[in-house]
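This briefing covers the contact between two chains and a few residues of one of them. Please have the sequence and the model open while reading.

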There are 2 protein chains.
Amino acid sequence: MGLVVQKYGGSSVADAEGIKRVAKRIVEAKKNGNQVVVVVSAMGDTTDELIDLAEQVSPMPAGREFDMLLTAGERISMALLAMAIKNLGHEAQSFTGSQAGVITDSVHNKARIIDVTPGRIKTSIDEGNIAIVAGFQGVSQDKKDITTLGRGGSDTTAVALAAALDADVCEIYTDVDGVFTADPRVVKKARKIDWISFEDMLELASSGSKVLLHRCVEYARRYNIPIHVRSSFSGLQGTWVSNEPKQGDQKVEQAIISGVAHDTSEAKVTVVGVPDKPGEAASIFRAIANAEINIDMVVQNVSAASTGLTDISFTLPKTEGRKAIDALEKARSVIGFDSLRYDDQIGKISLVGAGMKTNPGVTASFFEALSDAGVNIELISTSEIRISVVTRKDDVPEAVRAVHTAFGLDSDSDEAVVYGGTGR
Amino acid sequence: MGLVVQKYGGSSVADAEGIKRVAKRIVEAKKNGNQVVVVVSAMGDTTDELIDLAEQVSPMPAGREFDMLLTAGERISMALLAMAIKNLGHEAQSFTGSQAGVITDSVHNKARIIDVTPGRIKTSIDEGNIAIVAGFQGVSQDKKDITTLGRGGSDTTAVALAAALDADVCEIYTDVDGVFTADPRVVKKARKIDWISFEDMLELASSGSKVLLHRCVEYARRYNIPIHVRSSFSGLQGTWVSNEPKQGDQKVEQAIISGVAHDTSEAKVTVVGVPDKPGEAASIFRAIANAEINIDMVVQNVSAASTGLTDISFTLPKTEGRKAIDALEKARSVIGFDSLRYDDQIGKISLVGAGMKTNPGVTASFFEALSDAGVNIELISTSEIRISVVTRKDDVPEAVRAVHTAFGLDSDSDEAVVYGGTGR
């Protein structure tokens with residue numbers, strides 16, 4: 001008998017019909033001989049409606065009370081789901097994040113899980129119940145206040161519970177069939193990925209793929225919990241994310257390239273005319289860090305010999321743009337730059353695949369594909385298993401399609417890309 | 001500095017405007033130098049909407065999950081209320097029933113409070129916050145499951161918290177101006193009562209007055225917590241319910257008669273042809289008690305000498321009628337009666353007042369008033385401070401008005417009723 005953690009998002013439980021459909025699927029898993037723990041998000045638009053109410057009474061709702069408000073959403077969906085399951089003749093009990101032992105820090109609206117003590121869940125499933133747990137929420141360790149985990153928090157709840165319960169798999173049910181080689185809205189020929197390693201999935205997630213969030217995959221990798229991303233609307237197999245393909249599954253092998261991700265949510269800041277001497281870059285990024293802004297790519301131009309000045313560019317989420325400019329202007333006298341440039345018309349295209357470690361031609365093929373598509377490159381950043389470039393935002397769709405085709409990822413293509421190095 | 005517990009019902013916080021209005025009133029109490037604890041119900045129709053959702057997924061929602069669902073309602077209203085107060089520049093924190101230390105038994109949907117441990121509330125108000133507490137809910141002592149207190153539960157939460165915190169007063173805000181000498185919808189000349197004793201209020205509550213529930217008043221009496229029932233829509237003084245009028249308040253003195261209550265929610269069951277021998281009544285009421293039905297009035301007719309048979313009648317909530325008939329039919333062979341009669345076209349009129357203990361003419365005046373109004377009496381029941389009669393349901397409004405007038409309770413009447421005994 002296995003232990004399965006299933007997570008259903010808001011679109012899967014948008015109304016009473018959705019809840020009943022999901023209840024049937026959960027009961028199937030139970031009938032197949034599994035112990036089942038279900039993590040559920042708030043119904044469809046509930047969260048938006050609660051936010052709307054909050055804005056009617058307070059112009060900037062936030063913090064402790066906002067978390068208290070939002071967590072009402074999962075309370076409703078989980079209780080209804082438990083009722084629907086009981087109505088199918090199976091026993092179910094719902095638990096708040098606090099009751100399920102999801103212990104977090106005290107950062108309201110984006111708390112981090114620091115421990116999971118699922119004693120009540122374990123008891124409940126050992127007694128034969130299906131346990132339904134509220135996603136997205138926990139309780140703070142020090143003050144015992146209700147907290148929420150921020151965007152994508154229910155996925156993290158599911159993986160964290162799966163880890164604490166030593167589950168065999170964490171199934172993330174969503175409204176798409178799995179993880180694709182590119183965003184299907186941009187690349188019509190994008191293929192569903194049957195299996196992908198944690199490492200490649202982490203790079204895709206941090207490069208703009210929205211199916212799974214980085215923190216959720218990171219958690220799963222740390223505790224080695226296989227994730228199965230699949231649709232709650234079909235019975236199809238989705239995408240497995242794990243250390244290695246299941247034993248005996250011959251069809252699935254590590255691809256050289258997992259996929260192409262893109263991200264148009266970032267902006268570029270250029271600090272112009274920075275004296276090219278030790279400590280300058282440090283003072284810039286200390287100012288940014290002090291403002292609690294996470295940056296992504298960083299590039300320093302070659303210094304012009306005549307002036308002894310250089311330019312430093314970095315990318316960051318557009319939503320942080322205003323804050324970054326303010327922080328830099330404040331530190332201007334310390335840093336001593338000429339001017340600031342802000343550009344939010346950029347896009348990032350990333351190619352991800354563990355295979356590029358041993359296939360030296362990948363980088364060359366990537367740049368050739370972009371060049372052939374007439375796409376100009378502004379910044380470049382690489383890791384062992386990823387290459388990212390920044391281009392004009394308008395060039396992104398064409399660039400993604402060109403790269404997807406060049407690496408043989410198109411669904412109806414039988415061609416494998418030819419690398420300079422290996423001849424494969 | 002005093003400690004005030006305020007309770008606001010669903011109609012007072014029906015929408016964002018209502019919440020903002022209530023927030024202002026709460027802040028006023030705080031500005032007047034009080035520590036303030038607020039108990040709040042779910043917004044307007046929220047509970048009905050949640051019940052509707054539940055019925056869509058399950059034909060008979062009940063028990064643990066139903067409580068989990070319903071408690072989302074107060075979670076929303078209390079978080080919004082705390083936000084609205086913060087928006088007025090005051091600190092507020094909201095607490096679930098569980099966080100507020102409302103410990104109950106495990107009877108879902110109608111749990112009873114068995115202890116209140118308000119440590120977190122005490123800390124919160126001592127730190128200068130206004131504490132907002134979810135009414136109607138608690139946590140079970142043994143299983144730590146979320147429970148609800150049933151009808152009128154928020155009033156009970158407020159009084160129980162006031163008792164545990166040793167509050168100076170428990171203010172129950174509602175959509176009427178206080179407790180009246182009769183239901184103003186039936187008696188246009190009904191007067192608001194300025195002060196009423198716990199005892200008289202208990203009798204009114206158990207006789208059909210709906211402003212305060214019996215269990216809430218009982219709790220307040222046991223811990224001697226004065227209740228102030230008042231409107232959240234006006235600034236008027238309402239009705240004080242306490243052991244004795246506030247010192248120095250000369251205007252307020254104990255009335256001989258507090259008011260007239262009526263109740264049309266009961267039915268009458270008559271067990272016809274019961275052998276008039278010891279143990280017969282016991283076996284009837286044992287059968288009823290075993291079905292967990294609370295009965296109200298009981299009357300046994302004088303036995304007819306010729307047959308040795310008698311009739312026993314009792315009243316009970318209409319909602320329990322079916323269950324009572326079933327229970328009696330099952331026990332028919334043991335009890336040995338001829339037949340059962342069920343009558344749900346009855347009404348009960350009660351006259352309540354501690355003064356009747358020392359005014360022997362009250363009972364006579366009561367019956368005279370009913371007789372003059374042409375109302376026929378079917379059953380009579382009395383306590384030290386109450387007389388109740390059962391009549392035809394259609395006679396109730398006229399009977400209430402007649403009694404109200406006869407005892408000088410009409411608002412524009414200067415006449416005091418003349419009792420046979422005292423000549424007053």
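In which helix of chain A is A:Glu74 found? A:Glu74 is found in helix 4 of chain A; helices (H or I, at least four residues) and strands (E, at least two) are DSSP runs, numbered from the N terminus. This is a predicted model, in which local features need pLDDT of at least 70 and side-chain atom pairs count only at pLDDT 80 or more, while totals for chains, interfaces and linings use all residues. Residues are numbered from 1 along each chain as written, chains are lettered from A in the order in which they are written, and side-chain values use heavy atoms, without hydrogens and water.

**Annotated positions**

- A UniProt record (unreviewed entry) places the feature "binding site" at A:Thr47 and A:Glu74; such annotations may be inferred rather than shown by experiment.
- These positions are spread over 28 residues of sequence but cluster in space, with a largest C-alpha distance of 9.1 Å.
- A:Glu74 is buried, with a relative accessible area of 2% (buried means under 20%, exposed over 50%, partly exposed in between, with a 1.4 Å probe and protein chains only).
- Leaving aside residues up to four places away in sequence, A:Glu74 touches residues including A:Val40, A:Ala42 and A:Phe136 (contact means heavy atoms within 4.5 Å).
- A:Thr47 is in helix 2 of chain A and counts as partly exposed because its relative accessibility is 24%.

**Interface of chain A and chain B**

- Contact involves 40 residues of chain A and 40 residues of chain B.
- About 3,200 Å² is buried between the chains, 63% of it from carbon and sulfur atoms; this is the accessible area (1.4 Å probe) that two parts lose on being put together, summed over both.
- There are 2 salt bridges between the chains, a salt bridge being a side-chain nitrogen of Lys or Arg within 4 Å of a carboxyl oxygen of Asp or Glu.
- A:Arg120 forms a salt bridge with B:Asp145, with the closest N and O atoms 2.9 Å apart.
- Helix 4 of chain A gives the most to the side of chain A that touches chain B, with 11 residues.

**A:Asn129**

- A:Asn129 sits in the loop between helix 5 (119–126) and strand 6 (130–134) of chain A.
- A:Asn129 counts as buried because its relative accessibility is 9%.
- A polar atom of the A:Asn129 side chain lies 3.0 Å from the backbone oxygen of A:Ser124.

Conventions
A polar contact is a pair of N or O atoms within 3.5 Å; within protein, one must be able to donate a hydrogen and the other to accept it, and residues adjacent in sequence count only if both atoms are side-chain atoms.
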